[in-house]
Amino acid sequence: MSRSKTDFWVGLFVLLGAAALVFLALRAGNLSTFSFAPTYSLTANFNNIGGLKAGAPVKSAGVTVGRVARIDFDNTLFQAVVTLNMDQSRQFPTDSSVSILTSGLLGEQYLGIDPGGEEKDLADGERIQYTQSAVVLENLISQFLYSSADKQGTASSGDDAPAPPAEPAMTPSGQGTGAPASSAPASGAAQTPSETTPPQSK
């Protein structure tokens, strides 16, 4: 009896471990949500897709409306071609735009669609004209470093400019530019009291 109970718990833990592995595999492949609803395909060209992968969600207003089916490379335009599988019930105007966004600061990348204002909707197989490539963090850091270096170089070149010559000090006429003039009498000159005439006796 005890042996059968042990076998039961061991089998249960094995099943839970297998289920956890399947869940992690689906999460890693961005396939945690399955949908058997009918879809239609759209394409979009990007200059840089960053870390976008096949299976990434396509969202509009935060709601998942499709998935990235595959990513190809155009040998003529030298751009990445992303194929989207959109839910048939989610229709978007022909002037809609798609951007590569990031969940959080360093999260996974996904596609975000901003609907346009045209009355006609995108049909199966059409290409989205307005796209925005991914923002690469390394490029932003490089631009910041280059701009900081340019500012420091401009400031140092301004500090190295020669200063204007100083104007000579103004001195009284007849005196040199050395020691200042003194109002005290020269040493050695006798100081005599003022002479007075004594009164004459009668």
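Strand β2 and strand β6 (residues 109–114) run parallel and are joined by 2 bridges, where strands are DSSP runs of E with at least two residues, and helices runs of H or I with at least four, numbered from the N terminus. Two strands are taken to pair if DSSP finds at least two bridges between them. Lysine 59 stands opposite glycine 112 in β6. The model is a predicted one, in which local features need pLDDT of at least 70 and side-chain atom pairs count only at pLDDT 80 or more, while totals for chains, interfaces and linings use all residues. Residues are numbered from 1 along each chain as its sequence is written, and side-chain values use heavy atoms, with hydrogens and water left out.

Strand β2 (residues 57–60) also pairs with strand β3 (residues 63–74), in the antiparallel sense and over 4 bridges. Serine 60 has valine 63 in β3 as its bridge partner. The hairpin of these strands has 2 residues between them, and alanine 61 takes a positive phi near 60° there.

Side chains of opposite charge can pair when their charged atoms come close. With a salt bridge defined as a side-chain nitrogen of Lys or Arg within 4 Å of a carboxyl oxygen of Asp or Glu, the count comes to 1 salt bridge. Arginine 70 forms a salt bridge with aspartate 72, and their closest N and O atoms are 3.1 Å apart. Arginine 70 is partly exposed, at a relative accessible area of 47%, and aspartate 72 is likewise partly exposed, at 35%; buried means under 20%, exposed over 50%, and partly exposed in between (1.4 Å probe, protein chains only).
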